[in-house]
Structure formats: C-alpha cells, structure tokens
Amino acid sequence: MKRIGVLTSGGDAPGMNAAIRAVVRTGAAKGIEVIGVRRGYAGMMDGEFETLGPRSVANTVQRGGTILLTARCKAFYTPEGRAIGASKLKEAGIEGLVVIGGDGSFHGAHYLELEHDIKSVGVPGTIDNDLYGTDYTIGYDTAVNTALSAIDRIRDTAASHERLFFIEVMGRHAGFIALDVGIAGGAEEILIPERPESLEQVIEIVRESAKKGKTSSIIIVAEGYEGGGLKVMDTVSKATGLDARVSILGHVQRGGSPTASDRVLASRLGNAAVIALLDGKSDVMVGIHAGEVVHVPLHETWEKKKDVSLEMRELAKTLAM
Ligand code: ADP
C-alpha cells in the first residue's frame, strides 16, 4: 500500500484531529502518502482530496472539531452513491481508507469493501461511547468532563436557591455520559434510556428525597429518556409541586479542546489504524479493551450492543442517599 485516505464522518467529536494527526504522521513514518478526504462521504463523492504531510497537521492535537470537516451523506446509503465514491478513490490512487466516526460511518466503509474492494479500518469517534468493541470512543471523556463542569456550576445555584434541577445531557440511545457525570457530579438520580425506571418512580424518589430534608437536588437526564429533560421536569414538578428547573447542555458537550485521555486514545487508535491497514487488516475497527488495542470486525460494532455497567448503576444508587 502506497497511498491511503483518511476522513471524518457523522457526528464530530473532540479528539478527531488528534486521530487525523496520528494517521498522517504514522503514514509519513511508514513511507506512505496520506490523503485527507474532506466532508466525509459527501466530499469523497465530490473528489475533495488533499495531500496531508506531517506539517499539515501541526498545531491540531489540541483542537476540537475536525479539520477535515464532517458531513452526513444520503447518497452513500445507496450502491450508486458508493460506486461514485469508490471510483473517485480509485482515480486518486487511494488503496486504503481510515474512517473516523460512528457505526453509521462504519456501515459506509463496510459496503465500500464489499462492493468495491476498498480496504478500510474504522476509528471510533463519537461522544456517546455507545459503540460495541471498544471500552472508550474518542470524544467521550471530553464530553463527560465538559458536562461535569457545567453540573458543578449548576449545583452552586441549585443549592443557593434550594431548587430541584434536571440537567439533560447527550445520549439519545445510551446512558454512558449520564451515568459517568451523574456519579462524578454527585447526582441524586440518573435517568437513562436503558433503565426501566418509570416517571412515577422518579416522582416517588423526588418526594422521598424532599421528605428526608434534601432542599436541593440534581437529577441527570439522558436526552433519550422519556422525551428528555424538559418533559421530565414538567411532569415531576407538576406532580410534586416542587420548584424545579431544567438545563439542557446540548451542543456545548460536543466542542472544546480534547482532554488528555482523548488525545492519547486518538493518537493510539489513529496509529493502530494505519498499522492495521499495512498489515493487511480490513473491514475492522481498532478499539481499546482493557488498555490494549484490539481489532473488531466492523459488522460487530452495530450487530452487538455495548451495555452500560450494572455495577455503575448500583454504585450511583448507593451513593445518592
Ligand atoms: P455516525 O457515523 O456518527 O454513526 P451517521 O449514522 O450519521 O453517523 O452516519 C454518517 C454517514 O455514514 C451517513 O451520512 C452516511 O453517509 C453513512 N452511512 C450511515 N449508515 C449507512 C449505511 N447503512 N449504509 C451506507 N452508508 C451509511
């Protein structure tokens, strides 16, 4: 392999730049040319390619977002769209591809290989951490820390006004962020999509907590739980008569400079992706498991489900007295 491409696709995540940098510099160290594909699969179909040398990625390791830009591309769901993308790659002499994104982006890479024999390796980049096959995804640690610093601030005002605060964090299908920030932020309750806790139970918990003399409380709501923070706040405050507020953290959780953990993870996985391609591996994601780099077939990342830890859920309950 003499020339490989790298792209970021789907939702952006802090640390994607550190991964791009690792791909480019590992490529340079191994004597292969790295081509940046801008705007994900949309840019691939338009042939938006640029050669990236070691200096092109200088001063990017600390930057959030993605210098290659990201996009969602409807045409790529169709064989016709993918055929256009594959022909652009072949015209440019790109023999292998590193795809940094989530399981949607990995689907695209999987089909490119199946239909057009483009070798590709996925790098998990998504703040939600809900990807099977890796203990952590790039961007997750930063998102958790960003949400946590907001929660710490909200707790100050919640305590001063003796208020009940519902804080919505990201996680449409998964409660990883909610569970971690809930435990780290000392939340009274953590509501996640995977947890079969009804709104009636939540109302009961809030009532009990008020009876115990708690004058202020923080309840973390993953956006995918029962319609999100606003709805939960509305229902609970009507049922209990308590003075409640909601704060929806939203997109602030996506941005910002990546944490040290995310930079190191992205550097390791970007490096591992290039080595995997050069070793002849393909149609796999590089992930991290028990501190070591692992290779997981791409299809497993969407066919299998990563569950939030039962132990963490129990811990959150025990500590929220
Ligand atoms: P993520 O990679 O973060 O999961 P998306 O699910 O939005 O984000 O996927 C990003 C892009 O990957 C889509 O816009 C599309 O171009 C491509 N993609 C997603 N799912 C598929 C699929 N089933 N088949 C082909 N391409 C897909």
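Mentor: Happy to. One convention before we look: an angle of 65 to 115 degrees counts as roughly perpendicular. Also keep in mind that this is a predicted model.

Trainee: Okay, so at what angle do the axes of α3 and α4 cross?

Mentor: Helix α3 (residues 79–91) and helix α4 (residues 103–116) cross at roughly 75°, and their axes come within 10 Å. The two helices are therefore roughly perpendicular to each other.

Trainee: Which residues make that contact?

Mentor: On the α3 side you have Pro 79, Arg 82, Ala 83, Ala 86, Leu 89 and Lys 90. From α4 come Gly 108, Tyr 111, Leu 112, Glu 115 and His 116. By type, the contact residues divide into six nonpolar, two polar and three charged.

Trainee: Nice. Switching to the ligand, how many residues surround it?

Mentor: There are 16, and the closest are Arg 72, Cys 73, Gly 102, Gly 104 and Ser 105.

Trainee: How much of the ligand does the protein bury?

Mentor: The protein buries 85% of the 550 Å² that the ligand exposes when taken alone.

Trainee: Last topic: where does Glu 48 sit?

Mentor: Glu 48 is in the loop between α2 (40–46) and β3 (49–52).

Trainee: What does Glu 48 touch?

Mentor: Leaving out residues up to four places away in sequence, Glu 48 touches Gly 36, Val 37, Arg 38, Arg 39 and Gly 43. With Arg 39 there is a side-chain polar contact of 2.8 Å.

Methods
Residues are numbered from 1 along each chain as its sequence is written. This is a predicted model: local features need pLDDT of at least 70, side-chain atom pairs count only at pLDDT 80 or more; totals for chains, interfaces and linings use all residues. Side-chain values use heavy atoms; hydrogens and water are left out. Axes are lines fitted to C-alpha atoms, for helices over the stretch in contact, and angles run from 0 to 180 degrees between N-to-C directions. Helices (H or I, at least four residues) and strands (E, at least two) are DSSP runs, numbered from the N terminus. Angles under 35 degrees count as roughly parallel, over 145 as roughly antiparallel, 65 to 115 as roughly perpendicular and the rest as oblique. Contact means heavy atoms within 4.5 Å. Ala, Val, Leu, Ile, Met, Phe, Trp, Tyr, Cys and Pro count as nonpolar, Asp, Glu, Lys and Arg as charged, and the others, Gly among them, as polar. A residue is near a molecule or strand if one of its heavy atoms lies within 4 Å of it. Accessible areas come from the Shrake-Rupley method with a 1.4 Å probe; for residues, only the protein chains shown count as cover. A polar contact is a pair of N or O atoms within 3.5 Å; within protein, one must be able to donate a hydrogen and the other to accept it, and residues adjacent in sequence count only if both atoms are side-chain atoms.
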